[in-house]
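Visitor: I'm new to this structure and would like a close look at one part of it. Could you pick a spot on the surface and walk me through it, then show me what else is worth a look?

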Amino acid sequence: MTYNYKKIWYIAYPILTGMIIQQLIGLTDTAFLGRVGKIELGASAIAGVFYVMIFMLGQGFSIGAQIFIAQHNGERRYRRIGQIFYQSLFFLFFFALFFILGIHFYAENILKNLISSPLVLQAALDYLYPRSYGFIFSFAIVMFRAFYIGTTQTKVLSLNAYVMLIMNVVFDYLLIFGKCGFPELGVTGAAIASVLSEAASTLFFIIYTLIKTPYKKFGLDIPYFRNLHTLFRVLKISIWTMLQNMVSFATWLFFMLAVEHIGENELAISNILRSVSALPFMIINALLGTANAITGNLYGADKEKEIKTTATRIIVIGYIGGFVATLLLLVSPFWVMRIYTNDELLILQAIPAYYSSMTTYFSLVPGFVFLGIIFGVGETKAAMYLELLALFVYTFAVWFIVVYLKADIAVCWLTEHAYNASLSLLTYLYICKKNWFST
């Protein structure tokens, strides 16, 4: 239960690899749609954030399940892991059906009050309606991820991501542009391609678990849906991460909508920057998941004294990895953005914002690692309140700079620092208050 740099990296690397490949899936969608038109590119950004905002509810629920899985793994009570997995999967299936129906009945009324351009609105709906069916598969995927991260068997995550990437690239090419006899569906084709890639990912997880994983050891041999007490235990923890994730992405949607009211060019630029800047941020997300899993295992094994040393090592890895990733992206911003669009005027307009977006990584590293620690010990309610405070600061910054001042898009992207610095400070103060770094 001692986690040196090598062991931390052994857990984090497959998570990071999986995230990089999943980001390449988003890059593929953006790159293809950038060659369809600016309307489609901007609409997919808003609809995509709307989708992810709901998806993060399921992701938040899976974080609660992952906390229990990690703690039971540390306690070596392996059979209980299967109970948590199946109860959570059962809940998320009906959760997915609920949101599919909700999008088809209410999405248009919601988005028409948020989007000023009729063309962007219609393209967003053309993407969102078919994309909603992906909830069935994406919620299953987050539970498989919770199982493998919680039990520190993370190698499969990168393998699964390769499957998703290959399928998404193939179906994007066929369905967006209408190749090999398939209809030319544009933005709708991008949505269908994403759903098909998620279905393939789910099937891969099922087959891999049956063939490569000691599923009987973890209680996965018998589907377990009857014990609502287990479900309520997970919900008691998960409700806070669900709300936290939803609010977090709601503020990101607020940013994108605020930018859309400045102009369609600014919205298209922000969609490109959202995809590019996510590349180094995947390192932070991987380290958050790693900190969560390791802390849960340490906590379950009564090894809290290892938390401080482990957190320091994770932060060091985060800064080294982020520096390398950011440096690579800064070498030639023009050619990086050429991946997303062939509109050279749009690229030239985006260059200053590109540089400002690259600065935001370094103020967030400690905050996400500390947040992962708070998740790992199961204090999800406290984590939610801390992030809500940081999001309040961020929302005010967005309102003042983007909505009120209508500042240049490069300045608008600097609002990320308001969230990053607030979260890092608040989570550090909370951990110090709990004396987790003094044990």
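Guide: Let's start with Val324, which is partly exposed because its relative accessible area is 44%, and that value falls between the 20% and 50% cut-offs. Keep in mind that this is a predicted model. Val324 sits in helix 10, a stretch that covers residues 307-331. Around Val324 there's a nonpolar patch on the surface, which also takes in Tyr5, Val316, Ile320, Phe323, Leu327 and Leu328. Together, these residues have about 690 Å² of accessible area. Helix 10 gives the patch its largest share, with six residues.

Now hop along the chain to a pair of helices. Two packed helices are described by the angle between their axes and the distance between those axes. Helix 14 (residues 380-404) and helix 16 (residues 416-434) have axes that come within 8 Å and cross at roughly 155°. Angles over 145 degrees count as roughly antiparallel, so helix 14 and helix 16 are roughly antiparallel to each other. Their crossing is right-handed.

While you're at helix 14, look at the loop between helix 14 and helix 15 (409-412), where you'll find Lys406. Lys406 isn't a glycine, yet its phi is positive, near 50°. Cys180 is another residue to check: it has a positive phi of about 55° and isn't a glycine either. You'll find Cys180 in the loop between helix 6 (155-177) and helix 7 (187-212). Cys180 counts as exposed because its relative accessibility is 67%, and the cut-off for exposed is over 50%.

Conventions. Residues are numbered from 1 along each chain as its sequence is written. This is a predicted model: local features need pLDDT of at least 70, side-chain atom pairs count only at pLDDT 80 or more; totals for chains, interfaces and linings use all residues. Side-chain values use heavy atoms; hydrogens and water are left out. Patches are made of residues with over 30% relative accessible area and no salt bridge: like charges are joined within 9 Å, nonpolar side chains (Val, Leu, Ile, Met, Phe, Trp, Tyr) within 5 Å. Accessible areas come from the Shrake-Rupley method with a 1.4 Å probe; for residues, only the protein chains shown count as cover. A salt bridge is a side-chain nitrogen of Lys or Arg within 4 Å of a carboxyl oxygen of Asp or Glu. Helices (H or I, at least four residues) and strands (E, at least two) are DSSP runs, numbered from the N terminus. Buried means under 20% relative accessible area, exposed over 50%, partly exposed in between (1.4 Å probe, protein chains only). Axes are lines fitted to C-alpha atoms, for helices over the stretch in contact, and angles run from 0 to 180 degrees between N-to-C directions. Angles under 35 degrees count as roughly parallel, over 145 as roughly antiparallel, 65 to 115 as roughly perpendicular and the rest as oblique. A crossing is left-handed if the near helix is turned anticlockwise from the far one by less than a right angle, and right-handed if clockwise.
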